[in-house]
Amino acid sequence: MDVTRAFVIGMGEVGRRLASALAAAGVRAAPVTRTSGWDEALAEGEAPLLVCVREEVLADVVARVRGAAPERLIFVQNGWIRPLLAELPGCTRGLVWFTSKGEFFRVLRPSAFCGPLAGSLAGTLGRGGVAAVALDDGAFAHADAEKMGFNCVVGLPLAVHGLTLAEYLERHRGEAQGVFGEAVSVTARALGAHASPEWWTAFLKAVEPLGWVKAGTAKALEFRNGAVVRLARELGLCAPVNERLLAAAGYVL
């Protein structure tokens with residue numbers, strides 16, 4: 001990894017926090033937005049491109065960076081984005097395990113990275129105040145499945161019920177565990193990994209600081225709960241709890 005310069009594509013909450021961590025570690029993080037920074041970022045031959053856009057617009061960004069060397073690319077989206085990256089073997093993936101909303105920032109667990117830049121990026125972010133670890137392909141597959149459980153609970157169910165996360169877990173604990181269990185078991189099967197019963201306990205511990213979180217609308221369903229139901233059907237499995245909540249939100253598969 002070029003330890004002096006990087007380009008951060010997408011300056012929302014995740015991009016802003018990662019850019020700040022890179023800067024704190026001595027890396028010059030140049031922002032790339034929808035309308036600025038692209039020419040310089042794509043012309044640069046070696047500096048990493050850290051893609052922090054939301055899943056819904058990721059396909060457009062993938063199309064724009066397709067000409068860049070895959071070893072420069074780092075994708076930090078938490079949803080089921082593997083199909084979008086199928087044409088970019090050799091890129092680096094990340095799973096963000098922090099929450100950032102305005103002034104609120106909390107690291108829940110070390111963020112996980114896998115790929116050619118994983119080790120150097122994890123070290124750099126750690127020096128900048130965002131704990132991170134580098135994983136091999138197998139460990140990252142398990143981490144990917146586990147994070148899908150988090151994504152599927154902290155989102156769609158809150159929007160459907162109109163509750164904070166703490167209220168939802170108190171009033172609908174069984175449903176939450178069903179959403180989580182379906183998400184991790186289906187994605188783990190798709191990845192050739194094995195879901196662990198301990199993931200649910202780890203999830204409850206990780207979200208303790210986030211009881212106030214609400215979701216006014218359900219977002220990125222194609223890459224989260226919707227992806228779980230589609231994968232379940234492809235694998236001959238069932239995900240009835242996720243399917244019911246998607247129907248309640250008016251999402252058509």
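The following dialogue examines how several descriptions of this predicted model follow from its computed values.

Colleague: Why is Ser-111 called buried?

Modeller: The relative accessible area of Ser-111 is 1%, and buried means under 20%, so Ser-111 receives that label. Ser-111 belongs to strand 8, residues 111–114.

Colleague: Which residues does Ser-111 touch, leaving aside those up to four places away in sequence?

Modeller: Leu-95, Val-96, Trp-97 and Phe-98 are among them, together with Ala-131, Ala-132 and Val-133.

Colleague: What makes helix 8 oblique to helix 9?

Modeller: Helix 8 (residues 173–191) and helix 9 (residues 198–206) pack at about 120 degrees, and their axes lie 11 Å apart. That angle makes the pair oblique, because roughly perpendicular covers 65 to 115 degrees and roughly antiparallel begins over 145. The crossing of helix 8 and helix 9 is right-handed.

Colleague: Which residues form the contact between helix 8 and helix 9?

Modeller: Helix 8 contributes Arg-173, Ala-176, Gln-177, Phe-180 and Val-184, which meet Trp-199, Trp-200, Phe-203 and Leu-204 of helix 9. By class, the residues of this contact comprise 7 nonpolar, 1 polar and 1 charged.

Colleague: How do you know that Glu-13 forms a salt bridge with Arg-16?

Modeller: The closest N and O atoms of Glu-13 and Arg-16 are 2.6 Å apart, and the criterion is a side-chain nitrogen of Lys or Arg within 4 Å of a carboxyl oxygen of Asp or Glu. The pair therefore qualifies as a salt bridge. By this rule, the count comes to 10 salt bridges.

Colleague: Why are Glu-13 and Arg-16 said to be separated by about one helical turn?

Modeller: Both lie in helix 1 (residues 13–24), and they are 3 residues apart, which means a separation of about one helical turn.

Colleague: Why does Arg-16 count as partly exposed?

Modeller: Arg-16 has a relative accessibility of 34%, and the partly exposed class lies between the buried limit of 20% and the exposed limit of 50%. Glu-13, at 30%, is partly exposed as well. Elsewhere around Arg-16, contacts beyond four places in sequence are made with Met-11, Ser-100 and Gly-102. The C-alpha atoms of Arg-16 and Pro-31 are separated by 8.8 Å, although these residues are 15 residues apart along the chain.

Colleague: What makes Asp-144 and Arg-82 a link between distant parts of the chain?

Modeller: Their closest N and O atoms, 2.8 Å apart, form a salt bridge. Asp-144 is in helix 5 (residues 137–153), whereas Arg-82 is in the loop between strand 4 (73–75) and strand 5 (92–95), 62 residues apart. Asp-144 is buried at 1% relative accessibility, while Arg-82 is partly exposed at 30%. A network of salt bridges links Arg-82, Arg-93 and Asp-144.

Colleague: Is Glu-146 buried or exposed?

Modeller: Glu-146 has a relative accessible area of 10%, and the limit for buried is under 20%, so Glu-146 is buried. Arg-109, at 26%, is instead partly exposed.

How values were computed:
Residues numbered from 1 in each chain as written. Predicted model: local features only at pLDDT ≥ 70, side-chain atom pairs only at ≥ 80, totals over all residues. Heavy atoms only, no water. Helix = DSSP H or I, 4+ residues; strand = E, 2+ residues; numbered from the N terminus. Buried < 20%, exposed > 50% of the residue type's maximum accessible area, 1.4 Å probe, protein only. Contact = heavy atoms within 4.5 Å. Axes fitted to C-alpha atoms, helices over the stretch in contact; angles between N-to-C directions. Parallel < 35°, antiparallel > 145°, perpendicular 65-115°, else oblique. Left-handed = near helix turned anticlockwise from the far one by under 90°. Nonpolar A, V, L, I, M, F, W, Y, C, P; charged D, E, K, R; others polar.
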